Amino acid sequence: MNFFWRMGLLLAGMLAVVIGLSVITGISWLDLSWVMPDNVVSTFGPTLDNLWLVILWITGIIFVVTEITLLVFMVKYRHKEDRKADYIHGSNKAEVVWTTITFVIVMALAFYTKGIWDEIRDPNLIPADAYPIHMMAKQFEWNATYAGADGQFGTADDFLSLNVLHIPVDRPVVVQLEAEDVIHSFFLPEFRVKQDAVPGMSTPVWFEATRTGEFTLACAELCGLGHYTMGGTVIVHSQADFQDWLAQQQAAAEDD
Amino acid sequence: MSTTTAMETHTGTAEHHELSFIRKYIFSTDHKMIAKQFLFGGLMFLALGGALAVMIRWQLGFPGRPLPMPLRILFPDTMAPGGIILPEFYNSLVTMHATFMVFFALMPLMAGVFGNLLIPLQIGAEDMAFPRINMASFWIMPVAGFIMLASFFVEGGAAGAGWTSYAPLSTSGEWTGVYMGQILWLVSLIILGFSSILGALNYVSTVINMRAPGMTWFRIPLATWSIFITAWLLLLAIPILTGGLLLLLFDQTIGTAFFRPEGSGEPLLWQHIFWFFGHPEVYILIVPAMGFVSEVIACRSRKPIFGYHSMVVAMVSIGFLGWVVWGHHMFQSGMNPLLGMTFVVTTVVIAVPSAIKTFNWMGTLWRGNIHFDTPLLHAVAFVALFIIGGLSGIFMASAPVDIYIHDTYFIVAHLHYVLVGGSLFGIFAGITFWYPKMFGRMMNEGLGKVHFALSFLFYNMAFFPMHNLGVQGMMRRIYDPNQYEFLQGLQPLNTFISISIFCFAATQILFAFNFLWSLRAGKVAGNNPWKSNTLLWTTPSPPPHGNFPEMPTVYRGPYEYSHPDREEDYWPQDEPPATTGSGGETVTTPTPELVPGG
Amino acid sequence: MSDRFELRGVVAPTLMLLVMAGCGGGDGGGASSGGGGGAAMENPVNAATAGNIAGSIMFEGDAPSMDVIDMSSETVCADKHASPQMIQEVVVNSNGALANVFVYVKEGLESLQFPTPAAALLDQNGCVYLPHVLGVMVGQDITIRNSDGLLHNINASPTINRGFNSSQPVSMETTRSFRAAEVMVPLRCDVHGWMTSYIGVLDHPFHSVSSGSGAFSLSTLPPGEYVIEAWHERYGTQTQTVTVTTGETAEVNFTFSASMAQNAVVPLGAPVELHAIAEAS
């Protein structure tokens, strides 16, 4: 059997294995996505998803071109009795060209990134009117503290919400993250938010919801045996509903 | 600056006192025997690490299902009652899988085996500069390995805070349920570090001082170069790890508070120390493989390596740049955000030398005369998979994108593409290529190709979809992702991956069988079955004690393949000049003394 | 090759021995499944001459109100309760009786050895520990049961004994025991932060936990003089001396009040100092 027949057979066999196992496990490869889930609900979301897409295109093209080239070389330059390899030690010109191109692409990427990073992380750029919430992470729960009617934390009218974070829509929120025991990580997948909560530190993380609904709060840093159950909910209210909820909690807290 | 005379101790003498069994096979100072000891030890730990991975994937593929018999009876109730893996045991599994793979499999197999085997033989030395220190560097490994294995059997079980052992989680059983196990983990790694340091000392000293006449710096084969650079990384990085481990040990045992916030310690300090070691460490884990791949691709394409000097410069650059990128592991850690951009820039820059190497490997294959033997297949697979691993790294290099994918399976996919797709396939290339020299016999080609094809298939089936898992948000080190509604749809993919891993693991039995069977029944290898140029292949297979009966002299670089004026398509480094070319003309190369600068 | 290398055969084995010696406990002794129920030892107490101690624990003044447990994030447990559950730190009934006080013989039994009783049960049901306070003997099996079918973990932080921190992801039972006497070993569940429990470990079986009506009883004691201690997790300890006579039940009562709150048990297992006034943290 000649080379191409053998390779063809090999590839067919491999494909059969992949398809067979996919059928057995019930995967639909068409459903698998290379971009983040559609359900994005924060102002950061589109920006970050866009950056992801840019990188995906660049790396995707490089991936396809290099792997196909590799494959072509393997086939085209495979050993043949009557052929000898070319006695080439390299090409300085080629080295300069591909080094420069690579360097330019990666540096462009780095600088494109800068503005986005600052906007999300720079403490000086956190909106001044962001609604503050204190979040204390501990094994294995999230304790959100709200300032209550007086707007001050550490006063008698503060109230707690266990594992559920209530926030208003279309308004920046700044979560002051702390941890009681070990490092946890505050992960809101639909918001594209993640920040480690470190014991002994208080780290601000801000975001703005663009849609009402219920979303996921997850822990994204190994924190012990219950790490996998350290989930919670983010409930985004309309601004009016949020004020109602606050008032309700206030009243309940005062009753205690 | 380079010295071209080797140390004169045994050279040329046939002096050969018969060594006892223990001196020859157990406590040997011969670098080739030490290489074999690292090989057997490393492969055994590789198998253990793989077994732990299989258990991890059992839980993820079939969550909460009891382990099948006979595995079920192996584990006591403190680990897997009724065969159901407990969450704390799962955390130990992920921790110990990575620990054994990184420290007891990859490092010994890379630096321990090939550093020892290749350096003296490729540079024309009779042994390492410090043979007894070399022996010590091996024997530290079983001691450390014993302690690490023992940690499974103490109360509370083995370490469970991740191989990164972040504080404060790792500082107390209060948080993990692991008490003595965490301490043993630290002690084992503190001890093991000395193995790397002693080995690295030897590699550096030997390459600098013991090269044969004519073996100038830029005639050194790339495999030796890669290990030389790796040795410098080891010498500088391991002490940092050891220091950090000691501080953590003190926090755990004598009440200090370097990292414990209760005592005003700083958890982030641990991360800085660990990753300042950890990032050079990952280059330690891949640069040697890059060296092996260069050797194999050049030899089996019958073509000079494309851009030899660039390859050396690229590896040195990777070595230097590797020190200033550690913060990219800490983008989301709460460290000063200003540092974010600093590390973004340095991280994307380190992509450049890796890209150069990839282009050069492809340039070597271009217009070559490629023989598809097992070593070449593994080497090309390295290139193909390293491309994927490197490109996925670009995503994380961008700090804002990393916000989403940090601590998800996207990272797991990336690290396994570089460490398995890269390092492991590189190790397979190295083993299949240099096995004949070590053991005097060829490994079985047919079985080798089957092992390659199945490994490549199942490996990609398992790890490529992990990128998708990460993109969908699945976190790392998660005992049961179904606890989160947004991850429940990913279970079929997790099961697919798990089954692929089981098949990948089973395929390695073919390699083990090939390895062991060929020791006795493989085709007898001559001196130079691959028709390679390096000094290593001028010796008998296996080489005798002392390697070279006469000190070799080097006349040219290691990649003179397919010279147009020669009938043979290779030109050994030690073949004297003034040989008659195929056209009857005299082909000369300058003798070493005439080469300026050394 | 040098023949001076004498130590070669000695170094590696010596290192291994040192390592093994340094490791200490190589297996799961201590707080793992150990001790058995019902040892073959005979009960040294002669029932014909034995006496009893009984009494009540009262709380003086207004009992502090306890917070309601928010179980909304664990619906499986919330559904098991008809009414909202309260934190069980201070449980006082309408007659002023204080529950969950651990009463035990502190002095007077030194010379006697008692057989180990059958296993005691600590149940996790509806995301609460039942009972909230438990007494066991050294070496006695404690069966920790998960009746909820969801992840609980049992994080024990004793000071004298070896602790453990292990999980039960499904309905299952785990057996533990403690090797040394300790009053009291705190337990908590890290998955459900409101779940706490205390276990008193003694080298004799004369312990009792006051019920909802405040009643406790220690029965079949040899006649003699005893020091009895009552322990409460917020109000600390009190002792009284009592004499037991054959066939009689000696009555002992304790009263706790809010002002004793400064004697609270420091969580995470620091030893309770008798008669000392510990700062409530």
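Two residues are in contact here if their C-beta atoms, placed from the backbone, lie within 7 Å. With that cut-off, Leu385(B) touches Tyr417(B), Gly421(B), Gly422(B) and Phe425(B), leaving out residues up to four places away in sequence.

Before going on, the ground rules. This is a predicted model, in which local features need pLDDT of at least 70 and side-chain atom pairs count only at pLDDT 80 or more, while totals for chains, interfaces and linings use all residues. Residues are numbered from 1 along each chain as its sequence is written, and chains are lettered from A and ligands numbered from 1 in the order in which they are written.

Back to Leu385(B). It is found in helix α12 of chain B, residues 374-397. Helices are DSSP runs of H or I with at least four residues, strands are runs of E with at least two, and both are numbered from the N terminus. Is Leu385(B) buried or exposed? Leu385(B) is buried, because 26 other C-beta atoms lie within 10 Å. The scale is: buried at 20 or more other C-beta atoms within 10 Å, exposed at 12 or fewer, partly exposed in between, again with C-beta atoms placed from the backbone. From Leu385(B) to Thr99(B) the separation is 286 residues in sequence and 23 Å in space, C-alpha to C-alpha.

Thr99(B) brings us to a helix pair. Thr99(B) is one of the residues of α3(B) that meet α6(B), where the partners include Trp185(B), Leu189(B) and Tyr203(B). The axes of α3 (residues 87-123) and α6 (residues 180-209) of chain B come within 10 Å and cross at roughly 15 degrees. Axes are lines fitted to C-alpha atoms, for helices over the stretch in contact, and angles run from 0 to 180 degrees between N-to-C directions. α3(B) and α6(B) are therefore roughly parallel to each other, a label for angles under 35 degrees. By class, their contact has 11 nonpolar, 6 polar and no charged residues. Nonpolar covers Ala, Val, Leu, Ile, Met, Phe, Trp, Tyr, Cys and Pro; charged covers Asp, Glu, Lys and Arg; the others, Gly among them, are polar.

Next, the interface with chain A. How many residues of chain B are in contact with chain A? The count is 89 residues of chain B against 83 residues of chain A. Helix α11 of chain B, residues 338-365, gives the most to the chain B side, with 14 residues. That side divides into 55 nonpolar, 25 polar and 9 charged residues.

Now chain C. Ala54(C) lies in strand β1, residues 51-60, and counts as partly exposed because it has 16 C-beta neighbours inside 10 Å. Ala54(C) touches Phe216(C), Ser217(C), Thr249(C) and Glu251(C), with residues up to four places away in sequence not counted. Val105(C) is 51 residues from Ala54(C) in sequence and 12 Å from it in space, C-alpha to C-alpha.

Val105(C) has Ile228(C) as its bridge partner in β14(C). Strands β2 (residues 102-107) and β14 (residues 224-232) of chain C pair in the antiparallel sense over 5 bridges; pairing requires that DSSP finds at least two bridges between two strands. An open sheet of 4 strands runs β12-β2-β14-β15 in chain C, with antiparallel pairing. β12 (207-209) and β15 (236-244) of chain C stand at the edges with a single partner strand each, so one side of each is left without a neighbour in the sheet.

Methods:
Parallel < 35°, antiparallel > 145°, perpendicular 65-115°, else oblique.
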